[in-house]
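Hi there,

Here is the structure I promised to pass on. Have a look, and then read on for what turned up in it.

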Amino acid sequence: MGTSARNAVVCAIVVALSAPLLRAAEKATTVVIVADSRHLTGLRGWWANLYNDSHLYFAIVTVLMIPLAGIILGTVADRLMALIGIDLKSRTLRES
Amino acid sequence: MNWLYAYMPIAGVHIWWPGLVILGLGVGIIGGFFGQGGAWMVTPGLNVLGFPMAFAIGTDIAHMAGKSLISTMRHAKFGNVDYKLSLIMVFGTVGGLEIGARNVMWLERMGKIDLYVRCGYLVLLTFIVWLIFTDVHKLRLKERAARAVGQPVDPLATGIEWYKTLQRIKIPPVVNFPKAGIRCSVWLPIAVAFVTGWMAGVLGIGGGLIRMPSLIYLVGCPTHVAVGTDLFEIAVSGLYGAATYSYKGRVELMAAFIMLLGAAVGAQIGTVATKYVRGYGIRIFFGIAVIGCDLSVLCKVIAAASPSLKKVLDPAAAVLILGLVTLLSLTIVVKFIRGVREELALKAEQLSAVEAIR
């Protein structure tokens, strides 16, 4: 067997052996982490199912909920702070 | 005591929820006071509480967007947010972040990226510490010189004044930023945002730690305005980060909400505390926080260089950061309480004086 023929055989063996590995690697890239929603009910169950169904909707709801929660909580905390009785609308700009 | 543990439906872990509230409160106080997202504090905190690292980062970014929005709302009422400056800087930041992220992928192909990034981060943090304390020292010298000749010290005087040189470069268009009290070429904040965004992208950090001092030393914002303006930018970029991380399925919104409960209160305290602290007080506190961050990165660099020390240094870095968060938060709360007491006492005095005149 000539050198080139031997190389061809080696290549064929390597390819044949690595094919399952490549397929596994392909599968690994498509692995999706799933939230275990089997024991969850109500809002948490809905949330976990939304995550499992579509990451896009999950992302949209997250991006809408975060600023909404920030604004609501910020407004409530602002009102509570106003109860102290300090001036919350001005400050003196001073560096030193 | 099962009720103290909440099940996180996405990450699939049971978390001690009071820890989330405390963490949110602490980072809310510090973030509102310094104008930071505080990823360097929250991510190890969430990891310690039991979140896998990927979820810790995603959840932290999502919470950061909400928390920064709360702080921005309060800072805006004080007049500390220059929206025009912030929105212009967003373009530079996003461009810089994208290019930084691409550079990281390129570096990854070359290998050993972690060590290089950490060393770069270490150098940058050390430089920021040097910058802040040199600035403080120079101001003290100026104050001493002014007192020696019996002149009053300008309340807006600063030590390092690199921004004055940069503001003189008038490449059109030249823009006014009234809240920050700056008139400069529009390219100055864009360039600063681009460079800081690029650094944040390469180092894999939020960027507040670099942007806040850059706003002060390179753009020329007064400290309070730098804090408020940076927070608005963090809210915008944090929302972008929340979108990408949640699309990748790495955000635990329930944890972010629980943290926001603490952060809402903390952000108010931290933001209002800036009213009672002078600009240089904020800079010194910021410098101390950066020293803590610097030391924790140093621990990680040493741990990476000698794996036998990893078991000791990794928890030491987490303890250092959480200890620092606790200490700084408590100090800021004390400043807040003292300030409120003094203001209320002054108000009562003025009221009684008015009544006495009547």
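Is the crossing of helix 7 of chain B and helix 8 of chain B left-handed or right-handed? The crossing is right-handed, meaning the near helix is turned clockwise from the far one by less than a right angle. Helices here are DSSP runs of H or I with at least four residues, numbered from the N terminus.

Some background: this is a predicted model, in which local features need pLDDT of at least 70, side-chain atom pairs count only at pLDDT 80 or more, and totals for chains, interfaces and linings use all residues. Residues are numbered from 1 along each chain as its sequence is written, while chains are lettered from A and ligands numbered from 1 in the order in which they are written.

Back to that pair. Helix 7 (residues 187–203) and helix 8 (residues 208–219) of chain B pack at about 150°, their axes 10 Å apart; axes are lines fitted to C-alpha atoms over the stretch in contact, with angles from 0 to 180 degrees between N-to-C directions. The two helices are therefore roughly antiparallel (angles over 145 degrees). Among the residues that meet are B:Leu188 and B:Val192 in helix 7 and B:Ile210 and B:Leu218 in helix 8 (C-beta atoms, placed from the backbone, within 7 Å).

Helix 7 of chain B is mostly covered, with 13 of its 17 residues buried (20 or more other C-beta atoms within 10 Å of a residue's own).

As for chain A, it has three helices and zero strands, and 15% of its 96 residues count as buried. Its contact with chain B takes 37 residues from chain A and 45 from chain B.

Best wishes

Definitions and conventions: Contact = placed C-beta atoms within 7 Å. Buried ≥ 20, exposed ≤ 12 C-beta atoms within 10 Å, placed from the backbone. Parallel < 35°, antiparallel > 145°, perpendicular 65-115°, else oblique.
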